[in-house]
Amino acid sequence: MTEKELAIKSINYRKNILKYIYAAKAGHTGGSLSCLDILNVLYNHVLRVSPQDFTSPNRDRYIQSKGHTVEALYVVLADKGFFPESDLETLCKYKSHYIGHPTRKVHGVEQNTGALGHGLPLSVGTALAGKMDDRDYRVFTLLGDGELPEGSNWEAALTAAHYKLDNLCAIIDHNKLQISGRTSEVCNTDPIDAKFESFGWVVKHVDGHDIKALMEVFDSLPFEKDKPSLVIAHTIKGKGVSYMEDVLKWHHGVPSADEYGRAVKELDDALAVAYIE
Amino acid sequence: MIAEAENKTQTDKANLEVFAQTLEELAAADKDIIVVTSDSRGSGKLGPYGQKYPKQIVEIGIAEQNLVGVAAGLASAGKKVFAVSPACFLTARALEQIKNDIAYSDNPVKAIGISAGVSYGALGSTHHSLHDFAVLRAVNNIIIAAPADNYETAEAIKLAAKTNHPIYLRFGKKVMPALPADGTPFEFGKGRIIKDGADVALIGTGETVYPALKAAEILEKEHGISALVVSMHTIKPLDYDLLADITRRCKAIVTIEEHSVNGGLGEACASFLLQHKAYMPFKILGIPDEYTITGSQTEIFAHYGLTEKGIAKEAIALLK
C-alpha cells in the first residue's frame, strides 16, 4: 500500500473512531487518535497477519498494552476484515464483545489487556517462544507513555535484553498527556531513550503521524541483531481534530453533536486535500 | 519439642521434590514443557531439571509480575508452561497478572506456588501464603489445587501438563507420607476418600490431610468415633458431589487447611452446605486472622491445633 493510500486510510479511520465513540457515548478519544497512524502502518504495511491466518503459529503478533485506546484497534481490525464493521455499532453496549478494552472474544485480538504494564511482559514471553521454536514471527506491542511508571515494564525490558529478543519491537505512543495532566508533571519518565538504551535496547525516534517515517522505521527492524527495538513515536493526543489536539479533556471526552459535526467536517476537508495531493 | 508426623518411609519425599522430578520426566519426552522461575530453581528443587534441560527453563530473576506475564506469553505461543515461584509472592505480588494474563486471557499457564502455606516457618508472614486460596477462588477460570502426598503430586503435575487450562498448584516442603490409595484415578475437581467413616468427616487439603488421617485413628481407637477422611486437593472447582455425599454419610464436618480460616477450603465447603440446606455441626480449622506466631511449620501447626490431637479434639467437641 502506498504512502498516499495509507494517509487516506488514516483519515477514514479517524472518522470511524469518532463515529463509534460518538454513538457509544464512550471511548478513549484522544489516545485512539494519537496511536491511529501507528496502527494503520502496522496493519497495512508491517504485520504479517490476516483474518485467515490468525491462528497460524507463524503470524506476527500485535499486543496492545495501552488497551484503553481500543477504538483505534477495532476500527483497523474491522477494515482488515477481522469482523464486519457494523459490529462496532454495539461498542460498549449491553452484552457486546466490543468492550472498552481489547479481549480475545474479538477476532484479531491477541491478549486481553487494559490493566497497564501487561503488554510488554506478554510480548517478551511470546517473542521468547518464537526464538525457542526458530520461528521468524515478530512481536509488536504498543505502550502509552503514561503507563511507563508501571514497574512490570522495566522488569520485562530487562528480560527482553537478557534474552536478546531482536524479534520484539515495543512502540511508545508518546503523546505526552495522561488523564491527570502532562506525563512530565505526573511522573517524569524522561529521558525514555537513555533509560531503555541503558537496559540494552536500541531506540529510534519517529514522528508518529508521519506515515512515510513510520514505514521506514518499521522497515529497518530489527534495529540491531540480538537487541530488542524500541520506537518512540512522538504523537499528539487528539490528532486530526483541531480542537482536540493536545487538550487534556479529550483523554476520554465524547464529542457533543455540534463538536462531532465539526470534527467530521475537518476530516472530510482533510480527505479532499489528501486525494488531491 | 513437637513430634514430627510418623509413618514416614525411606521413599517418602517432599511434594515439592516430587513435583520437580515429575517435571523432569515430562520434559524428557516433550520439548514444549517450559519452566519459568524467579531465582527460585533452588527452592523449587529444579536444579537438576535446569542442568538436564537448559533450553526448557527460563530464568526471569526476582520479578514475579514479569514471571507471570512472560509465562502467559509463552503459553499463548503453544508452550506448556510451569511458572514456579514461592506461593507467597506468586499469588500476591503477581495477582493481577494471574487474573488478567493467565485467567482472563485464558493462557493455560500452570502457576506453581512453592513452599506454600507456612512452609517457610520462622521466616515469617512475608513468606507465608495463607491468602492464596481466598484470592484465587474469586478469580474466574483457574483451577486451584493442593496435592496431599507424593502420589497426588505426581498425578497432578502429569495431568496439569495435559490440561489446556489455567491452573494454580501449591506445594510444601515437608516430607509427606503416602496416604492409603482408594484406587480412583486423580482428577482435578474430584476429592479422594482416604478413609471411610460414619460419624464425622475430616476434610483436609495439601499437607493437612495426613494429620487428619492420624486424627481419625485417635478418634476410632480412643473414642470409638468413626471418621471419614477426605483429601479435597482441588479447592476450585470444589467437589460438590462428594460434599453432598458426605452430608448423607456423616453427622458433622471438620475442614482443615494450611490457610487463613477466611476464604479458603472451609468457607468454600460452608458456602455449598448452607446454600443446599445441609445444616450440620461444622468447624473450620486453619490459621486464624492474625500474623502467625514465630516457629517452624510443625510448631505453627501445633500452636493453631492443626495436629492429629487438635483435629480429634475439635471433632469430639463438634459431635457432643
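Biologist: Taking the definition of burial as our start, a residue is buried if 20 or more other C-beta atoms lie within 10 Å of its own, exposed if 12 or fewer, and partly exposed in between, with the C-beta atoms placed from the backbone. How many of the 10 residues of helix α3 (residues 70–79) of chain A are buried?

Modeller: Nine: 9 of the 10 residues of α3(A) are buried, so this helix is largely enclosed by the rest of the structure. Please note that this is a predicted model, in which local features need pLDDT of at least 70, side-chain atom pairs count only at pLDDT 80 or more, and totals for chains, interfaces and linings use all residues. Residues are numbered from 1 along each chain as its sequence is written, while chains are lettered from A and ligands numbered from 1 in the order in which they are written. Helices (H or I, at least four residues) and strands (E, at least two) are DSSP runs, numbered from the N terminus.

Biologist: Which residues of α3(A) are buried, and what do they pack against?

Modeller: The buried residues include A:Val70, A:Glu71, A:Leu73 and A:Tyr74. The buried residues of α3(A) pack against α1 (3–24), α2 (29–46) and β1 of chain A. Here two residues are in contact if their C-beta atoms, placed from the backbone, lie within 7 Å. Just after this helix, A:Gly81 has a positive phi of about 90°.

Biologist: And chain A as a whole? How many helices and strands are there?

Modeller: Chain A contains 9 helices and 7 strands. Its radius of gyration is 18 Å, close to the 19 Å that the globule rule gives for 277 residues, so chain A is as compact as a globular protein of that length. That radius is taken over C-alpha atoms, and the rule is 2.2 Å times the number of residues to the power 0.38. The C-alpha trace spans about 50 × 45 × 40 Å along its principal axes, and 51% of the 277 residues count as buried.

Biologist: What is the strand order in the sheet of chain A?

Modeller: The order is β1-β2-β3-β7-β6, an open sheet of 5 strands with parallel pairing. Two strands pair if DSSP finds at least two bridges between them. The edge strands, each pairing on one side only, are β1 (61–64) and β6 (202–207) of chain A. On average, neighbouring strands are turned by 20° against each other, direction ignored.

Biologist: How many bridges join β1(A) to β2(A)?

Modeller: There are 4 bridges between β1(A) and β2(A) (residues 139–144), which run parallel. A:Tyr62 has A:Phe140 in β2(A) as its bridge partner. Helix α4(A) packs on this sheet, touching β1, β2 and β3 (168–174) of chain A, and its direction makes about 170° with that of β2(A). Axes are lines fitted to C-alpha atoms, for helices over the stretch in contact, and angles run from 0 to 180 degrees between N-to-C directions.

Biologist: Changing topic: how many residues of chain A are in contact with chain B?

Modeller: On the side of chain A, 19 residues are in contact with 22 residues of chain B. The elements giving two or more residues to that side are α4 (119–132) and α5 (151–162) of chain A, and α4(A) gives the most, with 9 residues. By class, this side of chain A has 8 nonpolar, 9 polar and 2 charged residues. Ala, Val, Leu, Ile, Met, Phe, Trp, Tyr, Cys and Pro count as nonpolar, Asp, Glu, Lys and Arg as charged, and the others, Gly among them, as polar.

Biologist: Over to chain B. Is strand β3 (residues 80–86) of chain B enclosed or exposed?

Modeller: Enclosed: 7 of the 7 residues of β3(B) are buried, so this strand is largely enclosed by the rest of the structure. Strand β1(B) (residues 33–37) pairs with β3(B) in the parallel sense over 5 bridges, and B:Val35 has B:Phe82 as its bridge partner. Another 5 bridges join β3(B) to β4(B) (residues 110–114), again running parallel, with B:Ala83 opposite B:Ala111.

Biologist: At what angle do α3(B) and α5(B) pack?

Modeller: Helix α3(B) (residues 64–76) and helix α5(B) (residues 95–104) pack at about 5°, with their axes 9 Å apart. That makes α3(B) roughly parallel to α5(B); angles under 35 degrees count as roughly parallel, over 145 as roughly antiparallel, 65 to 115 as roughly perpendicular and the rest as oblique. Among the residues that meet are B:Val68 and B:Ala72 in α3(B) and B:Ile98 and B:Ile102 in α5(B).
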